[in-house]
Structure formats: structure tokens, C-alpha cells
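Biologist: I would like to learn how to read a protein model feature by feature. Could we take one together, with the general idea given before each case?

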Amino acid sequence: KFHKRFKLPDEVVIDDYLCALLLRGALLAQGSMYITHNYVCFYANIFGKVTRVAIPFTDIISVRKCKILKSIPNSIEIHTVRKKYFWAS
């Protein structure tokens with residue numbers, strides 16, 4: 001599935017996780033996170049609305065555990081050069 005969803009033919013998936021990506025405001029997109037040797041990727045398809053994110057490790061400044069929306073523990077923040085991403089399990 002990974003290679004159909006992402007045009008990264010040389011990447012090998014190390015592991016994948018079911019999780020949700022925080023989009024605008026309090027909107028969570030339920031999908032799959034894929035970890036490869038060079039990327040953190042996320043894919044969701046909610047009622048035909050596709051969300052696809054591929055973050056190169058070289059863009060990542062920090063990764064930390066956090067709490068999002070003041071009520072969802074065990075969340076992860078990935079801070080890149082351009083943006084912060086929040087995932088919840």
C-alpha cells in the first residue's frame with residue numbers, strides 16, 4: 001500500500017502505525033503513519049478527501065511527546081523547518 005500512496009520507490013517501510021493527524025483547529029484525520037529510513041509519512045482517506053504527508057528526516061528539527069487539544073495524551077509533535085505536525089494514537 002505504501003508505494004501506491006507515496007511516490008517513493010526506493011523507500012522500505014520499517015514500521016507503520018494507525019493514528020490521527022491534527023489538521024486545522026480540532027479536526028483529526030484518522031489514517032496510517034509509515035516510518036522509512038528517510039521519511040515519516042502519513043496517509044488518510046476520509047470520504048474521498050485524501051491527506052498525504054511525507055516528511056524527510058533531514059527536515060525534522062525535533063520530536064517530542066505532547067498532549068493535543070488539552071485532552072488527548074500520548075500525542076507526538078514533529079517540528080520541521082516549515083511546520084509543526086501533531087499526531088495522536
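Modeller: Let us begin with aromatic rings: rings of Phe, Tyr and Trp (its six-membered ring) pair if their centres lie within 6.5 Å, and planes under 30 degrees apart count as stacked, over 60 as edge-to-face and the rest as tilted. Before we apply that, please note that this is a predicted model, in which local features need pLDDT of at least 70 and side-chain atom pairs count only at pLDDT 80 or more, while totals for chains, interfaces and linings use all residues. Residues are numbered from 1 along each chain as its sequence is written, and side-chain values use heavy atoms, with hydrogens and water left out.

Biologist: Which residues do ring pairs link into a cluster here?

Modeller: The cluster consists of Phe2, Phe6 and Tyr34, linked by ring pairs, and the count of aromatic pairs by this rule comes to 5.

Biologist: How should I read the strands, and how does strand 1 pair with strand 2?

Modeller: Helices (H or I, at least four residues) and strands (E, at least two) are DSSP runs, numbered from the N terminus, and two strands pair if DSSP finds at least two bridges between them. In this model strand 1 (residues 13-22) and strand 2 pair in the antiparallel sense over 9 bridges, and Leu21 stands opposite Ala29 in strand 2. The hairpin of these strands has 5 residues between them, and Gly25 there takes a positive phi near 65 degrees.

Biologist: How many bridges join strand 2 to strand 3?

Modeller: There are 4 bridges between strand 2 and strand 3 (residues 39-46), which run antiparallel, and Ser32 stands opposite Tyr43 in strand 3. The hairpin that joins strand 2 to strand 3 passes through 2 residues.

Biologist: Is strand 2 mostly covered or mostly open?

Modeller: For this we use relative accessible area, where buried means under 20%, exposed over 50% and partly exposed in between (1.4 Å probe, protein chains only). Strand 2, which spans residues 28-36, is mostly covered, with 7 of its 9 residues buried.

Biologist: What is a nonpolar core, and which residues touch the most other members of the largest one?

Modeller: In soluble globular proteins, nonpolar side chains tend to be buried together. A nonpolar core is a set of buried Ala, Val, Leu, Ile, Met, Phe, Trp, Tyr and Cys residues joined through side-chain atoms within 4.5 Å. The largest core here has 14 residues, of which Val40, Phe42, Ile55 and Trp87 touch the most other members. The elements giving two or more residues to this core are strand 1, strand 2, strand 3, strand 4 (49-56) and strand 7 (84-88). Apart from this core lies another, of 6 residues, among them Phe2, Phe6, Tyr34 and Tyr43.

Biologist: What does Thr51 touch?

Modeller: Contact means heavy atoms within 4.5 Å. Thr51 lies in strand 4 and is buried, with a relative accessible area of 12%. Not counting residues up to four places away in sequence, Thr51 touches Leu21, Leu23, Ala29, Phe42, Tyr43 and Ala44.

Biologist: How many disulfides does a search of the whole structure find?

Modeller: A disulfide is a covalent bond between the sulfur atoms of two cysteines, and the rule used here asks for a pair of cysteine sulfur atoms within 2.5 Å. The search of the whole structure finds 0 disulfides. Cys19 is in none, as the nearest cysteine sulfur, that of Cys41, is 12 Å away, which is too far for a bond. Cys19 counts as buried at 6% relative accessibility, and Cys41 is buried too, at 0%.

Biologist: Finally, how do I read salt bridges, and how many does the structure hold?

Modeller: Side chains of opposite charge can pair when their charged atoms come close; a salt bridge is a side-chain nitrogen of Lys or Arg within 4 Å of a carboxyl oxygen of Asp or Glu. The structure holds 3 salt bridges. In one of them, the side chains of Asp59 and Arg82 meet at 3.3 Å, N to O. Asp59 lies in the loop between strand 4 and strand 5 (60-68) and Arg82 in the loop between strand 6 (72-80) and strand 7, so the pair ties together parts that are 23 residues apart in sequence.

Biologist: Which residues do salt bridges with shared partners join into one network?

Modeller: Arg64 forms a salt bridge with Glu77, with the closest N and O atoms 2.5 Å apart, and Glu77 forms a salt bridge with Lys84, where the closest N and O atoms are 3.7 Å apart. Through these shared partners, Arg64, Glu77 and Lys84 are joined into one network.
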